[in-house]
Amino acid sequence: AMYAVLFGVTIWSRISHRRSWSLPRPSRIALSIGVIVIAVLAIKAAGDRPDGNVHVTALESGGTLIESAGGRFVLVGGGESSSSLANTLGRKLPLFNRRIDWLIIPDGEVAGLAGIPAGLQVSGLMHGTETPGRALSSVIGSLQAKGTRVIQPEPGMALDLGNESRLMIAGSQDGQLTLLLTVGRARIGIVPNARSLDIHQLAPLSGIILPNRSVTQEVLDLDVDFAVITGEVPVSMERSGPELLATDELGWIELITDGEQLWIVSQRNGSR
C-alpha cells in the first residue's frame with residue numbers, strides 16, 4: 001500500500017507539470033508495478049475470506065492455529081521458534097484482520113510467542129500454570145497492557161467457535177492443558193504432553209496433534225485415525241496403529257473439516 005501511494009504521488013506530480021497526459025517511461029513502469037501490487041493484495045484478501053470449514057494447522061514451530069468456520073482464530077502455544085511463528089501468522093491471518101481471538105498456552109512454553117507481531121491484537125489469553133515463571137509473566141503482562149483479558153481455564157470449560165464447533169479444556173494437570181476440538185462428527189485432540197493425562201478419555205478421535213516427545217506406544221494404541229506429530233517421528237516407534245504425519249517431514253500440516261468429512265493438506269505433500 002505504501003508503494004502504491006508513493007507511485008501515485010510521483011505520477012501525479014509529473015502529470016501536473018505537463019500539458020500532455022502521456023506518461024514518461026519510468027512512470028509507466030511505476031504504475032504497472034503499483035497495479036500488480038494492488039492486484040496481489042486484492043487476491044490475498046479474497047482468499048482470506050472464511051470458507052465455512054474449520055481449519056486446524058499444526059505448525060512446524062510446535063504451535064497449532066485454529067480458524068473457525070466464521071473466521072475467528074485461536075492460537076494454541078507458540079512452539080520454540082519465534083521466526084517460524086511470525087512467518088506462519090503472516091501467511092495464515094487475513095490481510096485486513098490482524099487479530100487472534102484467543103491465545104491458549106497449554107504447557108508453559110513461551111519461547112516462540114516472541115514471534116507474535118507487535119501490531120497483532122490478542123483478545124483473550126488462557127494458561128494452565130498456577131504460578132507463572134518469569135518468561136510467562138512477561139508475556140502475560142505485555143498482552144494485558146494491550147487490553148488482553150486473562151482467564152484461568154478449568155476442565156470442562158469450552159470456547160464456542162460457532163457452526164456446531166467448540167474447543168473444550170478436556171484436562172488440566174501440572175500446568176498442562178489438553179484440548180478437544182469438536183466439529184460435528186469430527187473430534188481432534190490437541191495434547192501437549194500425553195503422559196500427563198489418561199488420553200483414552202478422549203477416544204474415539206478423528207485425529208490427535210502432539211509433540212514428538214509425547215509419542216508413546218499407548219498413543220499408537222488409541223482409537224484414532226491419524227496422529228500429527230510436531231517434530232520428527234521417534235525412530236524407536238513401530239509404525240503400527242494410526243497413521244503418523246510429522247511436520248519434520250511434511251512441513252506445516254493443515255486439517256480441514258466441515259463436520260462430516262476431513263481433508264489433510266501439508267506444505268510439502270499437497271492434499272489428500
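Me: Let's start with helix α3: which strands do its buried residues pack against?
Reply: In this predicted model, the buried residues of α3 pack against β1 (54-58), β2, β3, β4 (99-105) and β14 (253-257).

Me: Which residues of α3 are the buried ones?
Reply: Helix α3 covers residues 82-92, and its buried residues are S84, L85, T88, L89 and K92. Seen down the axis of the helix, these buried residues fall within an arc of 130°, so they line one face of α3.

Me: K92 is on that list, so what does its side chain meet?
Reply: The side chain of K92 meets that of E254 in a salt bridge, with N to O at 3.2 Å. Because E254 lies in strand β14 and K92 in helix α3, the pair ties together parts of the chain that are 162 residues apart in sequence.

Me: Is E254 buried or exposed?
Reply: E254 is buried, as its relative accessible area is 11%, and the cut-off for buried is under 20%.

Me: How many salt bridges does the structure hold?
Reply: The structure holds four salt bridges. Side chains of opposite charge can pair when their charged atoms come close.

Me: Which residue does R268 pair with, and where do the two sit?
Reply: R268 forms a salt bridge with E60 through their side chains, at 3.1 Å from N to O. The pair links distant parts of the chain, since R268 is in the loop between β15 (262-266) and β16 (270-271), while E60 is in the loop between β1 and β2, 208 residues apart. E60 itself counts as partly exposed, with a relative accessibility of 37%.

Me: And what about E260, which residue is its partner?
Reply: E260 forms a salt bridge with R185, and their closest N and O atoms are 2.9 Å apart. This pair also links distant parts of the chain, 75 residues apart, with E260 in the loop between β14 and β15 and R185 in the loop between β9 (176-183) and β10 (186-190).

Me: Are E260 and R185 buried or exposed?
Reply: E260 is exposed, and R185 is exposed as well.

Me: Changing topic, where is S68?
Reply: S68 is in the loop between β2 (64-67) and β3 (73-76). Although it sits in a loop, S68 is buried, with a relative accessible area of 1%.

Me: What is S68 in contact with?
Reply: Leaving aside neighbours within four places in sequence, S68 is in contact with N53, V54 and L161.

Me: Now G207, which strand is that in, and what touches it?
Reply: G207 lies in strand β11, which runs over residues 205-211, and G207 counts as buried at 0% relative accessibility. Apart from neighbours within four places in sequence, G207 is in contact with R187, I188, G189, V224 and F226.

Me: How far is G207 from L255?
Reply: Their C-alpha atoms are 9.2 Å apart in space, while G207 and L255 are 48 residues apart in sequence.

Me: Stepping back, what does the whole chain have in it?
Reply: The chain has six helices and 16 strands, and buried residues make up 47% of its 272 residues. Taking the contacts between residues at least 6 apart in sequence, 39% of them join residues at least 24 apart.

Key
Residues numbered from 1 in each chain as written. Predicted model: local features only at pLDDT ≥ 70, side-chain atom pairs only at ≥ 80, totals over all residues. Heavy atoms only, no water. Helix = DSSP H or I, 4+ residues; strand = E, 2+ residues; numbered from the N terminus. Buried < 20%, exposed > 50% of the residue type's maximum accessible area, 1.4 Å probe, protein only. Contact = heavy atoms within 4.5 Å. Arc of directions from axis to C-beta.
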